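Student: I would like to learn how to read a model like this one. Could you take me through it, feature by feature?

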Amino acid sequence: MSQKNTYDYSPASQDELDSTFDNEDISSSPRQRCWSPKAIFANALLAFISILFLSFAVYQMLRPSSSSLLSPDSFFPSFPNVKMKFIEGEHNDFMRFDEVGDAAWNGMIPNGAGYVKVDRPRRYDMEPSVPYGVGDEDAEVYQASVVHQLHCLGTLRLVLAAYARNERLENYYDSDLHMRHCLNILRQGIICAADPTLAFSKPMGKTEDGLFKAKFTNIGTVHTCRSWDAVKNFLVQHRAMDWNGTVGTT
Ligand SMILES: *[C@@H]1O[C@H](CO)[C@@H](O)[C@H](O)[C@H]1NC(C)=O
């Protein structure tokens with residue numbers, strides 16, 4: 001009895017399944033089968049992944065990479081080189097430790113103290129710097145190294161002059177921290193410029209051992225230099241502010 005029930009039931013169930021399958025197979029066209037929910041999902045997933053990869057490729061292509069940025073040097077025009085011959089007695093004011101010397105050294109600092117305004121600095125391969133003014137979100141302020149180096153030499157001069165008078169400057173420039181900083185700034189500046197001009201010597205007789213003595217005074221030697229006047233004019237034109245600072249205050 002129970003066996004019959006099972007027998008009766010099974011074929012009916014099988015028929016039903018077969019007929020469903022057959023019906024679908026016959027009545028559905030191949031096009032309709034292609035758009036079954038499963039196929040739609042698979043296609044959508046494929047399209048989504050393709051778009052994702054394509055977007056990433058386009059982003060990689062358009063993204064500003066460091067190689068597509070301008071060199072910071074391109075902010076400047078190409079400055080001309082000039083031949084400079086340093087003459088005996090020409091720059092004596094810079095060797096003085098009095099007010100005349102102070103005036104000569106302060107006169108080296110151009111209007112604006114080498115602080116320049118750079119528009120849209122993100123175009124260049126530069127680190128971010130102080131924002132320029134208020135509301136000008138596309139400009140930042142940078143300082144030209146040559147003026148920083150002059151500031152360092154000028155403040156070391158002030159400290160040296162004070163020590164010669166057995167005094168200390170009552171400010172930050174006469175601190176270990178600032179002097180260490182400036183010593184290194186000047187060393188770096190000298191190495192960076194690496195002026196290879198060959199200076200000639202002035203013979204100064206002989207030692208007792210018969211060796212030649214000589215003085216390398218650097219006077220009369222002709223150096224090939226980047227035009228300081230051209231650099232200074234550019235820095236003044238692009239100054240971030242109108243300000244005639246002293247060696248100590250820049
Ligand atoms: C700075 O000095 C220049 C001359 O070298 C002068 O034209 C300018 O007005 C001065 N600026 C200020 C703010 O004193």
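Tutor: Start with the span 40–62. The C-alpha atoms at its ends lie 32 Å apart, and the span is 100% helix and 0% strand. Helices (H or I, at least four residues) and strands (E, at least two) are DSSP runs, numbered from the N terminus. UniProt, in an unreviewed entry, lists residues 40–62 as "transmembrane region". UniProt positions follow the numbering used here, feature names are shortened, and annotations may be inferred rather than shown by experiment.

Student: What ground rules apply to the model?

Tutor: This is a predicted model: local features need pLDDT of at least 70, side-chain atom pairs count only at pLDDT 80 or more, and totals for chains, interfaces and linings use all residues. Residues are numbered from 1 along each chain as its sequence is written.

Student: How many residues of helix 3 are buried?

Tutor: Buried means 20 or more other C-beta atoms within 10 Å of the residue's own, exposed 12 or fewer, partly exposed in between; C-beta atoms are placed from the backbone. In helix 3 the count is zero, so the helix is hardly covered. Across the 250 residues of the protein chain, 11% are buried.

Student: Which residues of helix 5 are buried?

Tutor: They are V147, L150, H151, C152, G154, T155 and L158. Their cover includes helix 4 (99–106), strand 4 and helix 6 (176–193). After helix 5 comes N166, with a positive phi near 60 degrees.

Student: How do I read the sheets?

Tutor: Strands of a sheet pair through backbone hydrogen bonds, either parallel or antiparallel. Here two strands pair if DSSP finds at least two bridges between them. The protein chain has seven helices and seven strands. Three of the strands form an open antiparallel sheet in the order 2-4-3. Its edges are strand 2 (115–119) and strand 3 (130–131), each pairing on one side only. Strand 2 is joined to strand 4 (residues 139–143) by five bridges. Y115 stands opposite Q143.

Student: Which strand does strand 5 join through three bridges?

Tutor: Strand 5 (residues 202–206) runs antiparallel to strand 6 (residues 212–215). K202 has K215 as its bridge partner. Five residues lie between the strands of this hairpin, where G210 takes a positive phi near 85 degrees.

Student: Why does A240 count as buried?

Tutor: A240 is buried because 21 other C-beta atoms lie within 10 Å. A240 sits in the segment after helix 7 (228–237). Contact means C-beta atoms, placed from the backbone, within 7 Å. Leaving out residues up to four places away in sequence, A240 touches G112, Y115, V116, K117, Y132 and V141. G112 is 128 residues away along the chain, yet the two C-alpha atoms are separated by 6.5 Å.

Student: Which residues are around the ligand?

Tutor: A residue is near a molecule if its C-beta atom, placed from the backbone, lies within 6 Å of it. Around the ligand are N111, D242, W243 and N244.

Methods. Two residues are in contact if their C-beta atoms, placed from the backbone, lie within 7 Å.
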